[in-house]
Amino acid sequence: MRHERSTKPQAAPSSLLQSSFRCIACLVIVFSTGFSGVAIAVTGDESESSSLKQGPLCDGAASSPTMFAPRSRPAQQILDITWLVIGIVGALGVIVMAMIVFSIIRYSHKQGDENRDEDEPPQIYGSNPIELAWTVLPILIVFVLFMVSARGIFEIEKETPPEGSLEVTVVGHRWWWEFDYPEYGFVTANELHIPIGDDGAEIPTFLSLQSADVIHSFWVPQLAGKTDVVPNRDKNHLWLQPNMAGKYVGQCAEYCGGAHANMLITVIVEPESEFKKWVAEQQKPAVEDSKVAKGRHVFERTACINCHTIRGTVANGTFAPDLTHFMSRTVIGAGAAPNEPKYLRQWIHDPQTIKPGCDMPAMKLTNEEIELVCAYLETLK
Ligand code: HEC
Ligand SMILES: [Cu+2]
């Protein structure tokens, strides 16, 4: 069928060019911010990570979370696939853009072109080689991308724990993380400790993810991909296999309400011997120090005990983070502030000033009571 020549051919290419440039600009922005743009209070300052030695037992954590510095097998696989996909579609994009730019320059309306109808290019209809080329080639490309992604997904989404793995149950709460170590019989919060061999050998960790309320998403980009944490449903699973020690940070990646942005994750990958020591400490009941008995009394006769557990005391609430070994953690409120005396006092005075919207109310304690309770909490090593 023969098309009538459009009377205004100039408008289309330039708007096409504009929107193409816009697309490229968007991609650049997404890549430069999206993968590393997790605002984190818990990362140390940058100089810390730049002065590092090499090797599996040095700190492999990037100064801000990024999927471009994988330190765990599934994260590495995801990045490999990412580069392959970006490579293929990037090359196609460049070819298409080049052809568009070429056509715009070569065939744009020029002065003295008024009689162009006469030199219309050859019209080709139903050319088998051409139609075959633009059918088969895209199918091949899509097939390659499909196979590579499918293989990656099957390897990453393990439904059963790999040999010799540590098993941890992760429970997402608004807006903090509970970590249960059923093998070892204790519960902690917000900081996940997992081992790497003392000689740097990889040890798998198998996470079972549950939610106590809404949908969350567990994402520590240097260690693995995002995995949704869904309530009232069979557990989702996630497999980590770090190859470098370090303190990795991540973030809830599914909007879950007001304090979502402050729902950070810290994963501490440490040599097995240190991990074992940490486990032994966590298994102990809370420290009892008679010097802080007054503070403990304030804690025990306040509503704190309805929400929090401190093993070995009357406090057995499960609504909020277990505080039995609170001082073994480096952050308060799932990364909302570092665990330092100043912030702890501010937190007990009014958590909303540190983590707006969180589920702990200001407890209306007097300054003296705050001081006593904090002195008590600070013994919970
Ligand atoms: C209504 C329940 C509730 C009461 C009562 C309560 N808290 Fe909390 N508390 C929470 C919740 C929920 C969190 C987690 C907040 C978050 O990170 O979003 C929390 C977090 C904390 C944290 C930080 C824990 C961590 O690892 O990040 C400390 C410390 C704490 N509470 C101490 C206390 C003390 C001391 C009292 C009593 C004076 C108290 N809480 C009373 C619900 C409660
Ligand atoms: Cu969340």
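**View 1. The residues around ligand 1 in the predicted model.** Ligand 1 is surrounded by 32 residues, of which Cys304, Cys307, Ala320, Cys358 and Met360 are the closest; a residue is near a molecule if its C-beta atom, placed from the backbone, lies within 6 Å of it. By class, this shell holds 24 nonpolar, five polar and three charged residues, where Ala, Val, Leu, Ile, Met, Phe, Trp, Tyr, Cys and Pro count as nonpolar, Asp, Glu, Lys and Arg as charged, and the others, Gly among them, as polar. This is a predicted model, in which local features need pLDDT of at least 70 and side-chain atom pairs count only at pLDDT 80 or more, while totals for chains, interfaces and linings use all residues. Residues are numbered from 1 along each chain as its sequence is written, and chains are lettered from A and ligands numbered from 1 in the order in which they are written.

View 2. At least two shell residues come from each of H7 (304-307), H8 (341-349) and H9 (367-377); helices are DSSP runs of H or I, at least four residues, numbered from the N terminus. H7 gives the largest share, three residues. Ligand 1 lies between domain 1 (56-106 + 129-270) and domain 2 (290-377), because both give residues to its shell; the domain bounds come from an automatic or database assignment.

**View 3. Contacts of Met263.** Beyond its neighbours within four places in sequence, Met263 is in contact with Trp175, Trp176, Gln251, Cys252, Cys256 and Ala334; contact requires C-beta atoms, placed from the backbone, within 7 Å.

Key. Contact = placed C-beta atoms within 7 Å.
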